[in-house]
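Here is a short tour of a predicted model, written to be read with the structure open beside it. Let us begin with the overall build and then visit a few places within the fold.

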Amino acid sequence: MIGHISKMQSRLASSGGTVEYALPLDDALLPLNPLLGKSLTLRHSGDIHCSHCGKKTNKSYSQGFCFPCMKKLPQCDLCIMKPETCHHSSVVASERCRDESWGEANCMVDHYVYLSNTSAVKVGITRHSQLPTRWIDQGANQGLPIFKVSTRYQSGLIETAMAQLISDKTNWRTMLKGDAEPLQLADIAQQLIPQIDQALDNVRLQFGEQSVQQLNHEVTEIQYPVLQYPGKISSLNFDKTPELGGTLLGIKGQYLIFDSGVINMRKFSSYLIEAEY
Ligand SMILES: [Zn+2]
């Protein structure tokens with residue numbers, strides 16, 4: 001199968017189940033779970049084509065774009081990494097999103113603030129439609145949405161307050177060394193929420209009492225298709241090794257785990273490869 005890499009697709013049939021992965025190569029989908037324990041070789045042709053404009057680029061920016069597209073597309077703006085700087089609701093027109101309709105569809109919609117457990121508890125935010133995908137992409141074994149808010153900006157304000165108390169980062173090396181110890185996420189949420197009272201009050205003052213909804217959801221438990229975790233993590237990279245792979249030992253987050261090392265497939269979005277299996 002030949003095509004340009006996109007972010008791996010994932011599906012979790014039910015809480016406690018095992019994630020099913022597929023790798024999109026252009027319009028084709030390569031189901032990955034059936035390849036566990038088998039040989040998979042990925043060969044990069046040397047070509048990278050921007051996933052927006054299709055032009056050839058010598059580097060993939062912001063997970064799949066050429067440099068000019070990275071500079072102009074709203075999904076590549078700096079506020080994507082820092083939701084508390086989302087500027088689409090600014091009263092000054094020139095300060096709003098690079099693309100009005102993108103901002104409306106992606107930022108001015110309901111967001112969740114959640115706790116997840118990869119190798120430790122962390123706080124994060126995501127659009128309402130992106131759960132549990134967001135947790136799977138980070139390789140979390142557990143996830144729990146704790147607040148629902150009306151915009152990306154509001155979620156950023158709450159996340160920033162929570163990040164004073166717990167991490168907002170994933171340690172990918174630890175994540176790839178094994179399953180996370182189960183945590184009582186609901187208890188942790190109960191301990192944290194009173195400590196961010198002031199931030200919650202501020203959001204409600206600014207955007208109305210209804211802007212922040214505290215949730216009472218069940219924890220989602222996530223298992224990954226992994227036969228064996230690597231003892232030592234070595235990263236594979238198409239730029240250094242155009243042909244890579246080996247026996248596929250597992251899939252977790254956006255990583256493929258081979259007997260020869262691990263590769264973050266998302267990092268190589270828009271790379272043209274051939275998959276042989
Ligand atoms: Zn482009």
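## Overall build

Seven helices and 14 strands make up the secondary structure of the protein; helices (H or I, at least four residues) and strands (E, at least two) are DSSP runs, numbered from the N terminus. The protein is as compact as a globular protein of its length, because its radius of gyration of 20 Å is close to the 19 Å that the globule rule gives for 277 residues. That radius is taken over C-alpha atoms, and the rule is 2.2 Å times the number of residues to the power 0.38. Along the principal axes, the C-alpha atoms fill a box of roughly 55 × 45 × 30 Å.

A word on how to read the values: this is a predicted model, where local features need pLDDT of at least 70 and side-chain atom pairs count only at pLDDT 80 or more, while totals for chains, interfaces and linings use all residues. Residues are numbered from 1 along each chain as its sequence is written, and side-chain values use heavy atoms, with hydrogens and water left out.

## Surface, burial and charge

Of the 277 residues, 48% count as buried. Buried means under 20% relative accessible area, exposed over 50%, and partly exposed in between (1.4 Å probe, protein chains only). The protein exposes about 13,700 Å², and carbon and sulfur atoms supply 48% of that area; the areas come from the Shrake-Rupley method with a 1.4 Å probe, and for residues only the protein chains shown count as cover.

There are 26 positive and 27 negative side chains, and the centres of the two sets lie 7 Å apart. Lys and Arg count as positive and Asp and Glu as negative, leaving out His and the chain ends; each charge is placed at NZ of Lys, CZ of Arg, CG of Asp or CD of Glu.

## Two domains

The domain assignment gives domain 1 (2-68 + 225-276) and domain 2 (109-221), with bounds that come from an automatic or database domain assignment. Their C-alpha centres lie 27 Å apart. Across the two, 20 residues of domain 1 are in contact with 17 residues of domain 2, where contact means heavy atoms within 4.5 Å. Among contacts in the protein between residues at least 6 apart in sequence, 67% join residues at least 24 apart.

## Helix α4

Helix α4 (residues 152-162) is largely enclosed by the rest of the structure, because eight of its 11 residues are buried. Those buried residues are R152, Q154, S155, G156, I158, E159, A161 and M162. Their cover includes strands β6 (111-117), β7 (121-127), β8 (142-149) and β9 (212-214), along with helices α6 (185-192) and α7 (197-207).

L157 also sits in α4, but counts as partly exposed at 23% relative accessibility. Beyond its neighbours within four places in sequence, L157 is in contact with E84, V203, Q206 and F207.

Which residues does I136 contact, beyond its neighbours within four places in sequence? They are S10, L12, V19, Y21, I222, Y224 and G253. I136 lies in helix α3 (residues 133-138) and is buried, at 1% relative accessibility. I136 and D187 are 51 residues apart in sequence and 22 Å apart in space, C-alpha to C-alpha.

T41 belongs to strand β5 (residues 39-48) and is buried, with a relative accessible area of 18%. Not counting residues up to four places away in sequence, T41 touches E243, L244, E274, A275 and E276.
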